[in-house]
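Please walk through this protein with the model open beside you. Take it one stop at a time.

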Amino acid sequence: MSSERLIYLPLGGAGEIGMNAYVYGYGKPGKERLIVVDLGVAFPDMDGSPGVDLILPDIAWLKERRDQIEAVFITHAHEDHIGAVAHTYDMLRAPIYARRFTANIAHRKMSEHGHPEDAVSVVGAYPEQIKAGPFSISFLPISHSIPESSAMVIDTPAGRVIHSGDFKIDTTPGVGEAYDADLWAEVCKDGVKALVCDSTNVFSQAPGRSEVTVGPEIEKLVSSAEGMVVATTFASNVARVKTLAVAGDKAGRSIVLLGRAMKRMVEAALETGVMKDFPNVISPEEARAVPRENLMLLVTGSQGERRAASAQLARGKYQGIEMKEGDMFLFSSKTIPGNERGVIRIINQFSEKGVDVVDDSSGLYHVSGHANRPDLEVLHDVVKPQVLIPMHGEHRHLREHAKLADAKGIKGVLAVNGMMIDLSGNEPKVAEYIETGRTYLDGSVQIGALDGVVRDRIRMALNGHVTVTVIMDTDDEPLGDPWVDMMGLPETGRSHAPLVDVLEEDLRQWLGRSKAATLRDDTKLHDGLKRVVRQSAQDEIGKKPEVTIVVSRLS
């Protein structure tokens, strides 16, 4: 029996939607040569990660094994698959491979972070192969809501693995490559050991709809509008952006792109040739001279992001343009679960302006980029894998997809982040459990989940903060009374006296009662002052704030 093994290890994206990072390895246990498929990010929210800019997978396990990494392969240019590439490059220093459109986006990210652009190499579609240690890898085109999305065909000494990436079955995607059933059948005809497969829409029972179906409906809607039309969608969905622009152009409207990501994606699609043409675009400055009824804006912010163009238009003006009564705003997108609050806030702000908001509740103006359950089964039937490992989904999605595979006679393996699967032989098994988690980009610094920064920030947000300053003289006696500064707390409490005064008086009395040994000992002094503040605040306002004690001793 061979002592070498083939392993699959998700570090992000399995048990959650976002932050995709998957590792494949082949070799002797602990000494495998490794490849990484995707390095993505997730986006923060004020409830769980206040102030954080991005959430990245914890790649400590990979960093420890950087000498074993052959290469990184990026399936497509969505942020949850490519967003961490530049942030992790210094830690891994592995060559990165992607197709032309994806590489264009990756080059920009690398350049912005001061990394060499040539660390990202452009690869053609299947049958072109990249040799990476014991692996031979090809990019197999598959349709999705972004150009040049690809599955990875991973050939190993233990057999062929297909990593689906994000996909849908679409033979008329508008921009990008159509699903080619014959090509997929050819790739899979000699047998596939494992299919590692997108699970996002496993609960959606209806067959997926083609991108081309939304065009006529959007054209009808735009042509019927009387005021200015503003539409938002995912900037990376270049096909949809073009569909919206064409609808505006046909209705005799000038097109304006608002938002850096929107402009960048259109530029990348034209530069790389995945999109051959695009209606003429005018600048926001030029738009001010165009009658409202002859304007169509395509804007970022379909998920309610506070700094995106949609939110800024909802709050007031953006680049000199303002929405008014009689205008129309179209969400040509689905709200990702968790983003509902931000989207509803924008809808209500537009409503207050008299703007008519059209969302996707009718199902007419958006189609998903992910395969629904019947389309997943189409891929199962084409690939015919021995083993199916669900990925890209919450736990409920993975479990349902594994059950679907088992019902079709395919061995379903439920593997969440940190669960290393040994795919050698005919019976996959859990080889190890790896500690996984997340790291945060906080400003310009990466911090660990266990560093306590985010936890402290949440506590301050929930409970407020009090700073106590005490000056001790050379005899270790208080010099004057302690004073208090508060943030995020009400000014008065149960006694109707100013809360600052109540805290300062309780602190003064405690200091007056304290023994000399306590006053000489900074630790005892800190603990006692903190305890007084928290107890007094609890009595006055029903909250125990976070407390910082500053003791200055005169020498």
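Predicted model: local features only at pLDDT ≥ 70, side-chain atom pairs only at ≥ 80, totals over all residues.

Start with helix 11. Helix 11 covers residues 340–352, 13 residues in total. From its first C-alpha to its last, helix 11 reaches 18 Å. That is close to the 18 Å expected at 1.5 Å a residue.

Now ask which residues of helix 11 are buried. They are Gly342, Val343, Ile346 and Phe350. Look down the axis of helix 11: these buried residues fall within an arc of 100°, so they line one face of the helix. On the other side of helix 11, Arg341 and Glu352 are exposed.

What do the buried residues of helix 11 pack against? Their partners are helix 10 (309–315), strand 17 (328–331) and strand 18 (356–358). Just after helix 11 comes glycine 354, with a positive phi of about 85°.

Next, move to strand 24, residues 438–442. Strand 24 is mostly covered, with 4 of its 5 residues buried. Strand 24 pairs with strand 5 (residues 54–57) through 4 bridges, and the two run antiparallel. Strand 24 also pairs with strand 25 (residues 445–448), again antiparallel and through 4 bridges.

Threonine 439 is a handy landmark here. In strand 24, threonine 439 stands opposite leucine 56. Threonine 439 also stands opposite glycine 448 in strand 25. Follow the chain from strand 24 into strand 25 and you pass through a hairpin with 2 residues between the strands. In that hairpin, glycine 443 takes a positive phi near 70°.

Finish with the cysteines. A disulfide is a covalent bond between the sulfur atoms of two cysteines. How many disulfides does the model hold? The count is 0. Cysteine 188 is in no disulfide, and the nearest cysteine sulfur, that of cysteine 197, is 11 Å away.

For the count used here, a pair of cysteine sulfur atoms must lie within 2.5 Å.

Are these two cysteines buried or exposed? Cysteine 188 counts as buried, at 5% relative accessibility. Cysteine 197 is buried too, with a relative accessible area of 0%.

How values were computed. Residues numbered from 1 in each chain as written. Heavy atoms only, no water. Buried < 20%, exposed > 50% of the residue type's maximum accessible area, 1.4 Å probe, protein only. Pairing = 2+ DSSP bridges. Expected span 1.5 Å × (residues − 1). Arc of directions from axis to C-beta. Contact = heavy atoms within 4.5 Å.
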